[in-house]
Amino acid sequence: GDLQTRSLPVFGVDKLLLNQVAVATAVTNAQIEDVEWLEQFLSKGMEECLDYYLGYYILYGDGTTCCGIVDSSGDRSTKAYGASDPLSVQNLKDMVGFYYGGKDGCWVAGRDSWTEIVNLYANTLALQFKDNGDALLFGYPVLRPSYVKTDDLFLGDFSQYTFIEKPIREAVSEELLFLTNEMSFRSIARVNGITSWLSGVQTEDGSTVYPFVHGTSS
């Protein structure tokens, strides 16, 4: 029956200006003429290259492209956690404890971190493997993209990251490298992003939880 101190949500306004990220490549006109589907292959490869760098910028960007979740320009709602080297089961449990619990969470692991997790695989670790090789750790899927630094490990809900973009613009030029008989292909994305939360949230027991937890042993 005691009166409770009310709390009110606090909202801020982020101003995100679109930044350009470009990928370009040059191919001889002879190759274009002689290799079937080369143009389509290059277009697909350049889009994959952009995806690689955009994923990297979301994690590590310094604000010139996106505000990365571990950079000072965007880590306002990221818990930095110093893990042991190698990782321990307790490290993983601690990271789950700092995570706010959103159902869309996933692990994002660097190569060395993933190897250390696999080495911990035993009855004491809540690690499961599906028939296709996909892994679940404490119920959250494990992603292992190549753009993650080898010693890094993340647990986060990336639906809590604001990402804005314009459609990718592709262009082809035969004039730019005319003298060398080359054709230039270019793809440009205009993007920016930042974590949606201003900070972690304090729970009733006094602890603070976060939408992103970054653990590293380096």
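These legends walk through several close-up views of a predicted model.

**Figure 1. Confidence along the predicted chain.** The protein chain has an average pLDDT of 90, and 99% of the residues score at least 70.

**Figure 2. A salt bridge joins Asp14 and Arg76.** The structure holds 3 salt bridges, and this view shows one of them, with 2.6 Å from N to O. Asp14 sits in the segment before strand 1 (19-28), whereas Arg76 belongs to the loop between helix 2 (38-60) and strand 2 (78-82). The pair therefore ties together parts that lie 62 residues apart in sequence. Both ends can be described by their accessibility. Asp14 is partly exposed at 40% relative accessibility, and Arg76 is partly exposed too, with a relative accessible area of 24%. As background, side chains of opposite charge can pair when their charged atoms come close.

**Figure 3. Lys44 and Glu48 pair within helix 2.** Their side chains meet in a salt bridge of 2.4 Å, N to O. Lys44 is exposed, with a relative accessible area of 52%. Glu48 counts as partly exposed, at 44% relative accessibility.

**Figure 4. Lys103 and Asp104 form a salt bridge.** Here the closest N and O atoms are 3.6 Å apart. Is Lys103 buried or exposed? Lys103 is exposed, with a relative accessible area of 75%.

**Figure 5. Cys66 and Cys67 are in no disulfide.** A search of the whole structure finds 0 disulfides. For Cys66, the nearest cysteine sulfur is that of Cys67, 7.6 Å away.

**Figure 6. Thr65 sits in the loop between helix 2 and strand 2.** This residue is buried, at 8% relative accessibility. Which residues does Thr65 touch, leaving aside those up to four places away in sequence? Its contacts are Asn19, Val21, Tyr57, Val191 and Asn192.

**Figure 7. Ser187 is a buried residue in strand 10.** Strand 10 covers residues 182-195. The relative accessible area of Ser187 is 2%. Setting aside residues up to four places away in sequence, Ser187 touches Val21, Ala22, Val23, Met46, Leu50, Ile168, Arg169 and Glu170. A further landmark is Lys166, which is 21 residues from Ser187 in sequence and 12 Å from it in space, C-alpha to C-alpha.

**Figure 8. Ala30 of helix 1 and Asn181 are shown together.** Helix 1 runs over residues 29-34. Ala30 is partly exposed, with a relative accessible area of 37%. How far apart are Ala30 and Asn181, in sequence and in space? In sequence they are 151 residues apart, and in space their C-alpha atoms are 8.0 Å apart.

**Figure 9. The largest pocket has a volume of about 190 Å³.** Its lining is made up of Gly55, Ile58, Leu59, Val108, Leu143, Pro145, Tyr147, Phe158, Tyr161 and Phe163. Which elements give two or more residues to this lining? They are helix 2 and strand 8 (161-165). Helix 2 supplies the largest share, 3 residues.

Technical notes: Residues are numbered from 1 along each chain as its sequence is written. This is a predicted model: local features need pLDDT of at least 70, side-chain atom pairs count only at pLDDT 80 or more; totals for chains, interfaces and linings use all residues. Side-chain values use heavy atoms; hydrogens and water are left out. A salt bridge is a side-chain nitrogen of Lys or Arg within 4 Å of a carboxyl oxygen of Asp or Glu. Helices (H or I, at least four residues) and strands (E, at least two) are DSSP runs, numbered from the N terminus. Buried means under 20% relative accessible area, exposed over 50%, partly exposed in between (1.4 Å probe, protein chains only). A disulfide is a pair of cysteine sulfur atoms within 2.5 Å. pLDDT is the predictor's confidence in each residue, from 0 to 100. Contact means heavy atoms within 4.5 Å. On a 1 Å grid over the protein atoms alone, a cavity is a set of points where a 1.4 Å probe fits but cannot get out, and a pocket is an open set with protein on both sides within 12 Å along at least five of seven lines; lining residues have an atom within 4 Å of a point. Grid points are joined across faces, edges and corners, and a volume is the space filled by probe spheres set on the points.
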